[in-house]
Amino acid sequence: NIFEGFKTLNLPWATPQGTALWRLNEELLDLMAESGLYQITFAIESGVQRVLKDLIQKPLNLKKTKHLISYARKLGITVHGFFIIGMPPMFGNSGETIEEMYQTYNFAKDCEFNSASFFTAVPIIGSDLLRESLRQGFIDKSTEFYRMSYKQGLISVPGLWACDQISELAAKFNSE
C-alpha cells in the first residue's frame with residue numbers, strides 16, 4: 001500500500017539505512033521500482049552463510065540475495081551493500097575467521113554491487129553482542145561505549161584476531 005501511494009507522489013526515493021532482504025521478492029522489487037526507488041541498500045552483514053546463521057542469527061539466504069541484487073540492477077536500481085566483519089564467538093559457535101571476512105569481501109565483489117561498505121562489528125548497548133563480548137572478555141570493561149564507531153574495532157578475540165586488525169581490514173575492503 002505504501003509503494004502504491006508513492007506512485008501518486010512521483011518522487012524518487014532510496015533506502016540508505018538498509019532493507020530486510022529476507023522479506024523481498026521480485027514482485028516487491030518491481031513495485032518499489034515503479035514507485036520511484038532509485039537506490040536500495042541491502043544490509044547483508046556477511047557473505048558467509050555460517051556467520052549469518054550461527055553468529056548474527058539473520059534469516060538470510062545468500063543464494064536468494066545474489067538473485068535479488070542482480071534483479072534490482074536489471075530494473076535500473078542502484079544497489080549498495082552493507083557488511084560487518086569481526087563477529088566473535090556467539091551462542092556457543094566459533095567466531096568469524098579472517099578467512100571468512102575475506103569470503104565476505106569476495107561475495108560483495110562477486111555480487112556486482114554498485115557500491116559496498118564494510119564495518120566492524122560494534123556492540124550496541126543492550127545487545128547480545130555486547131553481553132557476550134563483555135562476558136567472554138573480548139572488550140575492555142573500561143571502554144566508553146558512547147564513543148564507539150562502526151569503523152573502530154572494539155572486539156578482540158585472543159588467538160583469532162585483534163580489534164586493530166579488524167579496523168584495518170574494514171578500511172582495506174572499503175578502499176578497494
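**Close-up 1. The burial of S46 in the predicted model.** In this predicted model, S46 has a relative accessibility of 0% and therefore counts as buried, the cut-off for that class being under 20%. As for its place in the chain, S46 belongs to the loop that lies between strand 2 (37-45) and helix 3 (49-56).

**Close-up 2. The polar partners of the S46 side chain.** The side chain of S46 reaches the backbone nitrogen of V48 at 3.1 Å, and the side chain of S46 also makes a polar contact, at 3.3 Å, with the side chain of T104.

Close-up 3. When its neighbours within four places in sequence are left aside, S46 is in contact with V51, L52, I56, L62, F83, E96 and T104.

**Close-up 4. The packing of helix 5 and helix 7.** Two packed helices are described by the angle between their axes and the distance between the axes. For helix 5 (residues 98-110) and helix 7 (residues 163-175), the axes come within 11 Å and cross at roughly 20 degrees. Because angles under 35 degrees count as roughly parallel, helix 5 is described as roughly parallel to helix 7, and helix 5 passes helix 7 in a right-handed crossing.

**Close-up 5. The residues where helix 5 meets helix 7.** From helix 5, the residues I98, M101, Y102 and Y105 meet I166, L169, K172 and F173 of helix 7. The residues of this contact divide into seven that are nonpolar, none that is polar and one that is charged.

How values were computed:
Residues numbered from 1 in each chain as written. Predicted model: local features only at pLDDT ≥ 70, side-chain atom pairs only at ≥ 80, totals over all residues. Heavy atoms only, no water. Axes fitted to C-alpha atoms, helices over the stretch in contact; angles between N-to-C directions. Helix = DSSP H or I, 4+ residues; strand = E, 2+ residues; numbered from the N terminus. Parallel < 35°, antiparallel > 145°, perpendicular 65-115°, else oblique. Left-handed = near helix turned anticlockwise from the far one by under 90°. Contact = heavy atoms within 4.5 Å. Nonpolar A, V, L, I, M, F, W, Y, C, P; charged D, E, K, R; others polar. Buried < 20%, exposed > 50% of the residue type's maximum accessible area, 1.4 Å probe, protein only. Polar contact = N/O pair within 3.5 Å; in protein donor to acceptor, adjacent residues only side chain to side chain.
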